[in-house]
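Hi,

Here is the structure I promised to pass on. Have a look at it first, and then read my notes below.

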Amino acid sequence: MVTAVPRLVIAAPASGSGKTTVATGLMAAFAARGLAVSPHKVGPDYIDPGYHALATGRVGRNLDAYMCGPESIGPLFAHGARGCDLAVVEGVMGLYDGAAGEGELASTAHVAKLLRAPVVLVVDASSQSRSVAALVHGFVSWDPEVRIGGVILNKVASDRHEQLLREALDQTGVPVLGVLRRVAQVDTPSRHLGLVPVAERRADAVDAVAAMAAQVRQGCDLEGLLELARSAGALSCAPWEPPVVEAERRAVVAVAGGHAFTFAYAEHTELLTAAGAEVVTFDPLRDEQLPDGTQGLVIGGGFPEVYASELSANEPLRKAVAALAESGAPVAAECAGLLYLCRELDGRPMCGVLDATARMSERLTLGYRDAVAVSDSVLAVAGTRLRGHEFHRTVVEPGAGTAPAWGVRAADRRVEGFVEKGVHASYLHTHWAAEPGVARRFVERCRTS
């Protein structure tokens, strides 16, 4: 099957250049024109796709060549972009920055090549003029297989500054497709793990996305960008589809949501549904009981440390979660979910499913991980290999139970996480599209537990 959705990859020489503003603004600007825009994010980040979804009215999806494998990028893209008029892919870090020690793997450049998509380079021009040409020339010539089709200049100070930049870039042959003036920062507040998620500030986030769209409309050549997107090469791949399991009855799987648990990949719900689950979302900050008939529980990532007092105050739900886990029902918890299942978080009582405590730390733990399942669990049999990532500023003590969840190859080789009865709890974020058997096994256990 051939996928020919027009598409652009928005990249930059380094983080902080303005990729999110430009990518989100373009998504919103094109959507306002009546185009069906498919939003994508290179890498594992959960937060930017929330802003993308707000800009387009469609689910934001990740394209991670490390966790899912390079061969999955085209199919996952085609799945998300099916029926759309345009796809905008926001890059990660600098254009050529990939998984540490793995060359180009999982870099924006790598994903752009896999998608046969032209790249638009967003350059922070605030402290340069003629040197911008050397910078762009270097990025264009570094890898001839990466097609940089245009530049958007960000933080330009004046008309004279813009003239100098344009004159310098004339020598590179790379067209300038946008110039954004140095203006007050669009209101997208950050905290210890990056931007504050949309779910926690929806009204303000709507205003922020509108401001990004206005800035992009005013400063960018939308027609030129659309023409560039239409020059993308065709992809010869079938869209990814979650494997469907025929079941006489659907298992009720409760998935934590709300402000405290905002990290989730869209494909997880699709995989659970295809495997025979009725997925019901609940909010641990507000709901005092699990959804009726809950047979399994998924608690993903997020910010329980920010809402520890409110989570602790909801004692009826904490007891309901503990009772479900004690019954042996399947419980899958990642990162924030792990903290919620601990005995306490920063001294506040949590669910007490795990005999462990959690606390905030000044140290950021961040990076991709190669992992192997150490113990048989509701997610995988021992020996199953998956790739994932860690992203947290908390510490759980002890870091592993008597039956650990994963053996992890990182800077140190270690075991981590907990497998107890039907519980699988770990810091490791995984993408189940890389191994659809995870969702299938989990739902089957829900039916039989």
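This is a predicted model: local features need pLDDT of at least 70, side-chain atom pairs count only at pLDDT 80 or more; totals for chains, interfaces and linings use all residues.

Residues are numbered from 1 along each chain as its sequence is written, and side-chain values use heavy atoms, with hydrogens and water left out.

**Overall**

The protein has 13 helices and 24 strands (DSSP runs numbered from the N terminus: H or I of at least four residues for helices, E of at least two for strands). Its C-alpha trace spans about 70 × 45 × 45 Å along the principal axes.

**The parallel sheet**

An open sheet of 7 strands runs in the order β4-β3-β5-β2-β6-β7-β8, with parallel pairing (two strands pair if DSSP finds at least two bridges between them). At its edges are β4 (61-63) and β8 (176-181), each pairing on one side only. From one strand to the next, the twist averages 25° (axes are lines fitted to C-alpha atoms, for helices over the stretch in contact, and angles run from 0 to 180 degrees between N-to-C directions).

Inside this sheet, β2 (7-11) and β6 (119-124) pair in the parallel sense over 3 bridges; the bridge partner of A11 in β6 is L121. Two helices to look for are α1 and α5. Helix α1 (19-32) lies across β2, β3, β5, β6, β7 and β8, at about 165° to β5 (contact means heavy atoms within 4.5 Å). Helix α5 (131-142) lies across β6 and β7, at about 150° to β6.

**The mixed sheet**

Another open sheet has 6 strands in the order β13-β12-β14-β15-β23-β22, and here the pairing is mixed. Its edge strands are β13 and β22 (418-420). On average, neighbouring strands are turned by 15° against each other, direction ignored. β12 and β14 pair in the parallel sense over 3 bridges, and A254 has L297 in β14 as its bridge partner. Helix α9 lies across β12, β13 and β14, running at about 140° to β13.

**The second largest pocket**

This pocket has a volume of about 880 Å³. (On a 1 Å grid over the protein atoms alone, a pocket is an open set of points where a 1.4 Å probe fits, with protein on both sides within 12 Å along at least five of seven lines; lining residues have an atom within 4 Å of a point. Points are joined across faces, edges and corners, and the volume is the space filled by probe spheres set on them.) Of its 39 lining residues, F261, T262, F263, A264 and Y265 are the closest to the centre. Elements giving two or more residues to the lining include β12 (251-256), α9 (266-274), β13 (277-282) and β14 (296-299). By class, the lining has 24 nonpolar, 11 polar and 4 charged residues (Ala, Val, Leu, Ile, Met, Phe, Trp, Tyr, Cys and Pro count as nonpolar, Asp, Glu, Lys and Arg as charged, and the others, Gly among them, as polar).

Most residues other than glycine have a negative phi, and most peptide bonds are trans. A106, in the loop between β5 and α4, has a positive phi near 70°. A cis peptide bond joins E397 and P398, with omega about -5°; P398 sits in the loop between β19 and β20.

Cheers
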